[in-house]
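Subject: Structure handover

Hello,

Here is the structure I promised to pass on. Please open it beside this email and follow along.

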Amino acid sequence: MFKVDRSARLTGDELRSQFWLRCLLVPLTLTTALIGGLIWFLPVDVVQDWAYQLAPPDDTRRLEAISHAEFLCWLLRVVMPLLLLAACRSWYDFANTARWWSDAVVGMLSVTRGMADGTRSSRWRTVLVRVVLAAWCGLAVVHFADSLRQRVRDWPYYRFRSGDRVLPNISDSNVDVIRYVQQATPTNSRILVVSDQKLFFLSYYLLPRRLYHKMHPDSEHVIPKENLQRRLATYRLEDLDAAFVQRIAPDYILEYFEHPDEFDRSELQDDPAWIAFQRRMHGNPSRVPNFLVRLRRATAGGQP
Amino acid sequence: MSGLLLLTFGLLGQWLFGVAVAHLVLSLAWWRSSLVRSVQPTERLDYGSPVAPPTGESGSTEVTPWAELAGLGLVLGIGLTAWGLFVWSLCGGMLGRGASLTFTVIGFVCGGPIIWKRLRSKWSRHSRAVQRRSPSQSRSANSPLASALRGEEPGVRGSWIDSQGAVIEIDARRDAAWCRVCQWLIGGLAVIALAQTLLTPHHFWDERSIFAIKGRVLVADGSIRSPDLLDPDFVQYHPKYPLLIPLAEQHVYALLGSVDDRLSKIVFPLLYLGLVLTMAGVLSRRVLPGAAWLFALLLATVPVLMPYELGFLSGQADAPMACFHGLALLYLWDACTWHDSPTLTRNEGASASAKARAREAPRLNTSAHQNVSHDDSKRQAGSSSLTLRVGLSSASRRVAGASIIAGLCGAFAAFTKDEGIAFLLVDVVAMSMLILLVRLAPKVVRTNSAVPDPGCSDSVQQNGSLIRTLAAVVICAAIILGPWLIHRRDLPLTTEMNYFGRASFALVIERLPVLAWEALHLAHRMLWEWPHWGLHWWLMLVGLVIAPRRVLSASQLVLLLDVIGSLLALMIAGMLAPAQLDEHIGGSSPRFLMQLVPVAVLFAAGQLAPRREASVELNPDGLV
């Protein structure tokens, strides 16, 4: 089955490289065959059940655990056979593989020696270069492991969905407003917004609806902070002059304020469609959101 | 499904388009050389030792290594397609599937034959090599592992110059095996980058609010002159920001037939692969191939580029900026180091007028073959003079080719993000300072003129070559950026920092105290926070410590000046910006420094990597 050239007389270096390659390949072959076989044999549901039972007794955590199990299962199903294939290929052409690896290692040592002048009088340079390169490799491995962990964490939310479906990495209030405006307005509407929020994500996800907003000069270069820690200066609807509104010619006018100083609590339920949407979306018939959203159809002159 | 097929077809066409342009620019010397060859078949330049032709990474006789052609094809394909779509739209054409498919077809028509020709020559070389082998060897030659070693006889040793200037010998077969390990690792990293990118939709601030939003408006309106993009009150961030990324994403959406902000991110890992392959390709023409691929691998594993969330895995423009700016500097470096290559100095780098060559020829031949008769010298001088003319023409064109690519990439950087304009200015200032240094201290700065003229002194020749390089960069950048700068004047200023508009002497003086904070902050980010961003700045310092004399070469100086200039540009931007300093610079410095990563790695490679051995025979003639 395997190609073994017994006629050739092996040098000490070749014997040593074959020994180390064997040390690498035996555990690799066994592990990949075992895990690969097992992971393909077990149905994904079984692994998910197992993850569900191990997860803390919290609905969100359990749902996440199920998705994590699914992701890891499929990752192993792809990676393990590839590694097994590589291992089998190495066994098949064992002598050449051993020689190749031996050459590669010696080649790498020559390169690093050449980078630093590896004469005995200046060995410190070679050591310095190799230490930096070793640290570089270690750092890369740590970061790649971390990125893989991040993808596992992301999977329950992102899967293979586009951003329009997931609405990732934005506040819950933004998500609510986007969903509400999407279902309350036609796709090609022009919407004039007055708000104390940065509206870039609304504008992005509401396309092809077009959002227009007169930016207050004092908040133009201000970076917002979480939980309304920083109040952004903003124009109210009454601050906008008629010529501006007429130029925009909006189909709808949206008032959206989150900072409690920007609105009166009595105004919160001014838009009954919004309140109904909130209660339907959150499954809570008495819910009243703590931020103001008021969507109105504009008249021909652009006024509400 | 048909959308995905069309997208694959379109991306392949885009790559072939880039390959065609890269081949055309980098091989400007080829057609001219072949013309001269057809007149004079005996072109061997006999300087006393058998001279190897320019080699690619696998020892082939191709001028442009495969890695360079493929990598540059990816980068130029994306850049030129976006620019072409921009110009098309500026002229009144509609963006959409029709325009994107037209570019795809142009790509196949222009690039297809080039790739086909290269593949055919590779296959024919391979089949000839197999035929030369004995039957038993032929069997083992079928294995991929054996093919990794193909073309390299065991024990063949090449001479190289290490970082201390000493000549060392390295086994070519072992170096090739190490190269192959690096190539496999880079291939794996590219697959990982692609998979990780496609596992997330756009989900960061800038990628959505600046770039992706413009891309979607372009899809909806089909024109760069969309009334919304020109409206100061349409909700978007930085309306004046350039359109390369939005147009590249629009190209993907047009081919796909729908908007899916996960699939449009495919552009970014392609740029990552393009950057790494081009770095490997260009370096392998200049330094030991094993070192070239090692540095390409190092570049591919800098955490801040990949897998940092805001690097090539995201739709932000910082990583593409690193790609374009890095490649601009790579080709400037290449243009400056052209004569460091012995293959070039032996074959092509020499230059002289016919009169001077005739005068020098006997001396050249005397150094090469001391027992050759005077008549033989004359005959060889005649042969050499023609070959020198071939070499002269070839060398100057290849420097021009490298300069054109540098200009294109610099312009694409400016067409990607506004920092690119600052980078382009810094590049020009760095080159100008280098020219000044060569003029003022010709004995200190080691440069090699691409086209030395015997009528001029060395420093004048060197300066002439550098000035021509600078002129080529500026002209190319102006041609590419011209249409964009004209269009940019019509775009609104809402949320723009407007650095140039705000710049005043009084403001700079007023904010001088913040310089200390900025310097400390940058030093902290670059050196202390290496576990987060990577060890590239430390590697640059190691290169400086180990081989301080190499810094004095023109190619290394231009990189060093560029890094210093870029850091100064960031500090000045911090002084001029209307935003709160610690938030503005503190938040953006990792992404800005990310854009300098390829330059830092390239500088380290230039310092540390063993270079091709210089031609001993040519040195006494002052041609190197």
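This is a predicted model: local features need pLDDT of at least 70, side-chain atom pairs count only at pLDDT 80 or more; totals for chains, interfaces and linings use all residues.

Below is what I found, part by part.

For the complex, the predictor gives an ipTM of 0.91 and a pTM of 0.87. Chain A has a mean pLDDT of 88. In chain A, 93% of the residues reach 70 or more. Among the elements of chain A, β2(A) has the highest mean pLDDT, at 96. The lowest belongs to α4(A), at 87.

Chain B averages a pLDDT of 80. There, 76% of the residues score at least 70. Two stretches of chain B call for care. Over residues 138-153 of chain B, pLDDT stays under 50. The model has 31 contacts beyond four places in sequence for that stretch. Residues 614-624 of chain B also stay under 50. For these, the model has 33 contacts beyond four places in sequence.

**Where the chains meet**

The contact takes 51 residues from chain A and 65 residues from chain B. Which parts of chain A touch chain B? α4, α5, α6, α8 and β2 of chain A each supply at least two residues. The largest share comes from α5(A), with 14 residues. By type, this side of chain A divides into 29 nonpolar, 13 polar and nine charged residues.

Now look across at helix α22 of chain B, residues 536-546. Its buried residues include Trp537(B), Leu539(B) and Met540(B). What covers the buried residues of α22(B)? The cover includes α4 and α5 of chain A. It also includes α20 and α25 of chain B.

**Chain A**

Chain A is divided into domain 1 (12-160) and domain 2 (165-297). The centres of the two domains, taken over C-alpha atoms, are separated by 48 Å.

Next, the strands. β1(A) covers residues 190-195. Five of its six residues are buried, so β1(A) is largely enclosed by the rest of the structure. β1(A) and β2(A) run parallel, joined by three bridges. Start at Arg190(A): its bridge partner in β2(A) is Arg210(A).

Then check the loops. Pro208(A) sits in the loop between α8 and β2 of chain A. The peptide bond joining Leu207(A) and Pro208(A) is cis, with omega about 10 degrees.

Two residues of chain A have a positive phi without being glycine. Arg159(A) has a phi of about 45 degrees. Arg159(A) lies in the loop between α5 and α6 of chain A. Is Arg159(A) buried or partly exposed? Arg159(A) is partly exposed, because 14 other C-beta atoms lie within 10 Å, and a residue needs 20 or more to be buried. The other residue is Leu167(A), with phi near 45 degrees. Leu167(A) is in the loop between α6 and α7 of chain A. Leu167(A) is partly exposed too, with 19 other C-beta atoms within 10 Å.

**Chain B**

How many helices and strands does chain B have? The count comes to 25 helices and three strands. Chain B has 624 residues, and buried residues make up 55% of them. Take the contacts in chain B between residues at least 6 apart in sequence: 81% join residues at least 24 apart.

Why call α3(B) largely enclosed by the rest of the structure? Because 20 of its 25 residues are buried. After α3(B) comes Gly92(B), with a positive phi near 105 degrees.

Leu194(B) lies in helix α7 of chain B, residues 172-198. Leu194(B) is partly exposed, with 19 other C-beta atoms within 10 Å. The C-alpha atoms of Leu194(B) and Ile266(B) are separated by 6.9 Å. Along the chain, these residues are 72 apart.

Last, a cis peptide bond in chain B. It runs from Met306(B) to Pro307(B), with omega near 15 degrees. Pro307(B) is found in the loop between α11 and α12 of chain B.

Best wishes

Notes
Residues are numbered from 1 along each chain as its sequence is written. Chains are lettered from A and ligands numbered from 1 in the order in which they are written. Two residues are in contact if their C-beta atoms, placed from the backbone, lie within 7 Å. Helices (H or I, at least four residues) and strands (E, at least two) are DSSP runs, numbered from the N terminus. Ala, Val, Leu, Ile, Met, Phe, Trp, Tyr, Cys and Pro count as nonpolar, Asp, Glu, Lys and Arg as charged, and the others, Gly among them, as polar. pLDDT is the predictor's confidence in each residue, from 0 to 100. Domain bounds come from an automatic or database domain assignment. A residue is buried if 20 or more other C-beta atoms lie within 10 Å of its own, exposed if 12 or fewer, and partly exposed in between; C-beta atoms are placed from the backbone. Two strands pair if DSSP finds at least two bridges between them.
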